[in-house]
Amino acid sequence: MENQQHQGRNGAAAAAPTAENRFSVLNCIDLSSPDTQNSVSLLKQACLDCGFFYVVNHGISQEFMAEVFAQSKKFFELPAKEKMKVLRNEKHRGYTPELDELLDPENQVHG
């Protein structure tokens with residue numbers, strides 16, 4: 001088998017994924033970087049590869065993030081009947097119950 005190379009998160013060559021080393025690496029997007037094209041490229045690749053990324057130097061305070069997480073925790077601790085009042089709409093805004101989505105019908109057994 002030929003040794004394929006892939007670009008790592010910082011543009012450096014990385015070994016092709018195998019059964020032994022299959023894991024995801026989150027792209028780290030630095031919003032203070034003057035290299036906007038690189039940031040956009042990393043963001044796009046993260047969205048295409050796994051749908052997750054890590055953003056640094058975004059200017060959002062720790063206090064605000066803590067409040068957002070507190071409100072999220074408060075919402076998800078509500079009874080299901082309350083959460084269902086804001087059920088996901090046609091634009092995918094709102095609550096989605098656990099196991100309700102089937103994103104990969106060929107490989108996914110449950111939601």
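Take partly exposed to mean a relative accessible area between the buried limit, under 20%, and the exposed one, over 50%. Glu 82 sits at 35%, so it lands in that middle class. Its salt-bridge partner is Lys 85, with the closest N and O atoms 3.0 Å apart. Lys 85 comes out at 60%, so that one counts as exposed.

Keep in mind that this is a predicted model. The protein chain averages a pLDDT of 81, and 76% of the residues score at least 70. Helix α2 (residues 62-76) has the highest confidence, with a mean of 96, while strand β1 (residues 5-7) has the lowest, at 43. Over residues 1-13 the pLDDT is below 50, and beyond near neighbours in sequence that stretch has 18 contacts in the model.

Now for the strands. β3 and β4 run parallel, paired over four bridges, with Ile 29 opposite Val 55 in β4. Together with Leu 26 and Phe 52, Tyr 54 makes a nonpolar surface patch of about 350 Å².

Back to the charges: the whole structure has three salt bridges. Glu 77 and Lys 73 meet at 2.5 Å, N to O, and both are exposed. Arg 88 pairs with Asp 100 at 3.4 Å, linking parts of the chain 12 residues apart.

How values were computed:
Residues numbered from 1 in each chain as written. Predicted model: local features only at pLDDT ≥ 70, side-chain atom pairs only at ≥ 80, totals over all residues. Heavy atoms only, no water. pLDDT = per-residue confidence, 0-100. Helix = DSSP H or I, 4+ residues; strand = E, 2+ residues; numbered from the N terminus. Contact = heavy atoms within 4.5 Å. Patch = residues over 30% accessible without salt bridge, like charges linked within 9 Å, V, L, I, M, F, W, Y side chains within 5 Å. Areas by Shrake-Rupley, 256 points an atom, 1.4 Å probe, with all protein chains shown as cover. Salt bridge = Lys/Arg side-chain N within 4 Å of Asp/Glu carboxyl O. Pairing = 2+ DSSP bridges. Buried < 20%, exposed > 50% of the residue type's maximum accessible area, 1.4 Å probe, protein only.
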